[in-house]
Every structure is written in C-alpha cells, then in structure tokens.
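Subject: Structure handover

Hello,

Here is the structure I promised to pass on. Please open it next to this email. My notes follow below it.

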Amino acid sequence: MENTENHREHYNLYYIFAADKQKHPMPPEMAEEIRKNILRNLLQKSNHLNNEGSSIS
C-alpha cells in the first residue's frame, strides 16, 4: 500500500512540475549554466573519489 502511495505522489509531482515548466520556462542561458555546474560538481566528486581510491593502494 505504501509503495502505491509513493508512486501516486511521484506521478502527481511530475505533472505539477511539467505544468509549471510550461508556464515559466527557464531561459536557455540559465539552463546551460546549471548544466555546467552539475557537470563540474560531478567531475570534482569523481576526481576526489578516484584520488582517494588510488591513495589506498
């Protein structure tokens, strides 16, 4: 039962966010800046984890 509720909530949130995205689109420049920040953070974390792993050997 709990799994069904979580699925239903996720389904509803998807459509709420989709409708909001249509009403208030993000400027392409801002979307690109966010994408770059996410990729930069992932690369930093990946490098950090790789450096930790190599120091153990």
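A salt bridge is a side-chain nitrogen of Lys or Arg within 4 Å of a carboxyl oxygen of Asp or Glu. By that rule, the structure holds one salt bridge. Please keep in mind that this is a predicted model.

**The salt bridge**

Which side chains meet in the salt bridge? They are those of Arg 35 and Glu 32, with 2.6 Å from N to O. That distance is within the 4 Å cut-off, so the pair counts. Both residues sit in helix α2, which covers residues 28–56. They are three residues apart, so about one helical turn separates them.

**The nonpolar patch**

Next, the surface. Six names to find here: Met 26, Met 30, Ile 34, Ile 38, Leu 39 and Leu 42. Together they make a nonpolar surface patch of about 570 Å². Take Leu 39 as one of them. Leu 39 is found in helix α2. Its relative accessible area is 45%.

**The tyrosine rings**

How many aromatic pairs does a search of the whole structure find? It finds two. One joins Tyr 11 and Tyr 15. Their ring centres are 5.0 Å apart, and the angle between the planes is 65°. Planes over 60 degrees apart count as edge-to-face, so this pair is edge-to-face. Tyr 11 and Tyr 15 both lie in helix α1, residues 2–23. They are four residues apart, about one turn of the helix.

Tyr 14 and Tyr 15 also pair. Their centres are 5.0 Å apart and their planes stand at 90°, so this pair is edge-to-face. Tyr 15 takes part in the pair with Tyr 11 and in the pair with Tyr 14.

How open are these rings' residues? Tyr 11 is partly exposed, at 47% relative accessibility. Tyr 15 is partly exposed as well, with a relative accessible area of 46%. Tyr 14 has 51%. Exposed means over 50%, so Tyr 14 counts as exposed.

Best wishes

Definitions and conventions:
Residues are numbered from 1 along each chain as its sequence is written. This is a predicted model: local features need pLDDT of at least 70, side-chain atom pairs count only at pLDDT 80 or more; totals for chains, interfaces and linings use all residues. Side-chain values use heavy atoms; hydrogens and water are left out. Helices (H or I, at least four residues) and strands (E, at least two) are DSSP runs, numbered from the N terminus. Patches are made of residues with over 30% relative accessible area and no salt bridge: like charges are joined within 9 Å, nonpolar side chains (Val, Leu, Ile, Met, Phe, Trp, Tyr) within 5 Å. Accessible areas come from the Shrake-Rupley method with a 1.4 Å probe; for residues, only the protein chains shown count as cover. Buried means under 20% relative accessible area, exposed over 50%, partly exposed in between (1.4 Å probe, protein chains only). Rings of Phe, Tyr and Trp (its six-membered ring) pair if their centres lie within 6.5 Å; planes under 30 degrees apart count as stacked, over 60 as edge-to-face and the rest as tilted.
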